[in-house]
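This report describes the fold of a single protein chain and then turns to selected sites within it.

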Amino acid sequence: MQIYWTKINKIKDENSEVKTYFLDCPEDFTWEEGAHTHFALKGFQDENVGKKMVRHMSISTTNDESVIGITTRIRDLPSEFKKALKEHSVGDDVALFKTHSNVPLKRENKNIYLLSSGVGLATFRPLVLEYLKRSDDVNQIHSLNIDSSKEFLFSDVFESSTEKKFTSEFVDNRQSYYERVKELAEDKGGLFYVVGSDEFIVQNIELLREQGILKEQILLDKHAVQLPKYFTA
């Protein structure tokens with residue numbers, strides 16, 4: 001397993017709770033849109049600390065941006081990992097390993113629906129940027145995000161464009177969100193990407209399946225061995 005040690009070169013407040021940590025990109029480090037990585041802090045190789053200092057995170061930037069973005073929510077009472085991360089500054093070392101994409105942009109001449117909750121939108125930012133750069137073999141994209149904080153993320157990217165056939169929609173309550181999912185699921189040939197908590201993913205799968213959407217049309221940011229957990233919940 002190759003471990004890439006790199007440095008934080010910028011920290012950006014996306015809103016009152018969400019930060020993006022921009023990391024220097026190692027020379028031979030590349031990734032696809034929709035990629036996740038293991039993001040680790042110093043001490044993670046110590047057997048007494050181990051997994052406490054590692055988190056599975058999406059990369060919220062594209063290769064073209066030449067910087068690795070890790071976007072995460074840090075609440076008032078953070079976990080041990082988030083507390084340690086919050087204490088990090090520009091110039092501090094962090095590690096990345098086991099980088100992989102389960103949800104690259106599928107170019108199958110279909111409509112794509114991106115369903116997310118809160119900071120889950122970070123996974124979809126690179127997909128949208130790749131689509132806006134090159135829309136070949138994608139009919140259109142509709143993004144639907146629910147965030148009760150109303151501090152919606154990445155508004156500079158998630159901006160509807162009739163010309164680009166891209167629709168960005170934000171809602172702040174679950175009732176509105178699930179009503180919209182039902183309406184979007186009227187497209188029986190679409191592809192539905194879902195990112196969020198385990199509970200959120202399972203609820204979306206149940207709703208989509210009730211609307212006649214096939215398992216093969218639902219894409220999760222999970223390894224193949226994890227999928228049965230969600231589709232049989």
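In which strand does Lys98 lie? Lys98 belongs to strand S6, which covers residues 93-101. The model discussed here is predicted.

**Residues with positive phi**

Lys98 is not a glycine, yet its phi is positive, at about 50 degrees. Lys150, likewise a residue other than glycine, has a positive phi near 65 degrees. Lys150 is located in the loop between S8 and S9. Because exposure requires a relative accessible area over 50%, Lys98, at 52%, counts as exposed. Lys150 is also classed as exposed, with a relative accessibility of 55%. The table sets out the two residues.

| Residue | Phi | Relative accessible area | Location |
|---|---|---|---|
| Lys98 | about 50 degrees | 52% | strand S6 (93-101) |

**The chain as a whole**

Five helices and 11 strands make up the secondary structure of the chain. Along the principal axes, the C-alpha atoms occupy a box of roughly 50 × 35 × 35 Å. The radius of gyration is 18 Å, in agreement with the value near 17 Å that a compact globule of 233 residues would have. Of these 233 residues, 50% are buried. Among contacts with a separation of 6 or more, 73% join residues 24 or more positions apart.

**Helix H2**

Helix H2 comprises the 13 residues 121-133 and spans 18 Å from its first C-alpha to its last, close to the 18 Å expected at 1.5 Å a residue. The helix is mostly covered, with 10 of its 13 residues buried. The buried positions include Phe124, Leu127, Val128 and Tyr131, and also Arg125 and Glu130. Strands contribute to the cover of these buried residues: among them are S4 (54-58), S5 (68-73), S7 (110-117), S8 (138-146), S9 (166-171) and S10 (191-195).

**Gln217**

Is Gln217 buried or exposed? Gln217 has a relative accessible area of 8%, so this residue counts as buried. Gln217 sits in the loop between helix H4 (198-210) and strand S11 (218-220). Leaving aside residues up to four places away in sequence, Gln217 touches Lys188, Gly189, Gly190, Leu191 and Phe192. With Lys188, a polar atom of the Gln217 side chain lies 2.8 Å from the backbone oxygen.

Note on methods: Residues numbered from 1 in each chain as written. Predicted model: local features only at pLDDT ≥ 70, side-chain atom pairs only at ≥ 80, totals over all residues. Heavy atoms only, no water. Helix = DSSP H or I, 4+ residues; strand = E, 2+ residues; numbered from the N terminus. Buried < 20%, exposed > 50% of the residue type's maximum accessible area, 1.4 Å probe, protein only. Polar contact = N/O pair within 3.5 Å; in protein donor to acceptor, adjacent residues only side chain to side chain. Contact = heavy atoms within 4.5 Å. Expected span 1.5 Å × (residues − 1). Rg over C-alpha atoms; globule rule 2.2 N^0.38 Å.
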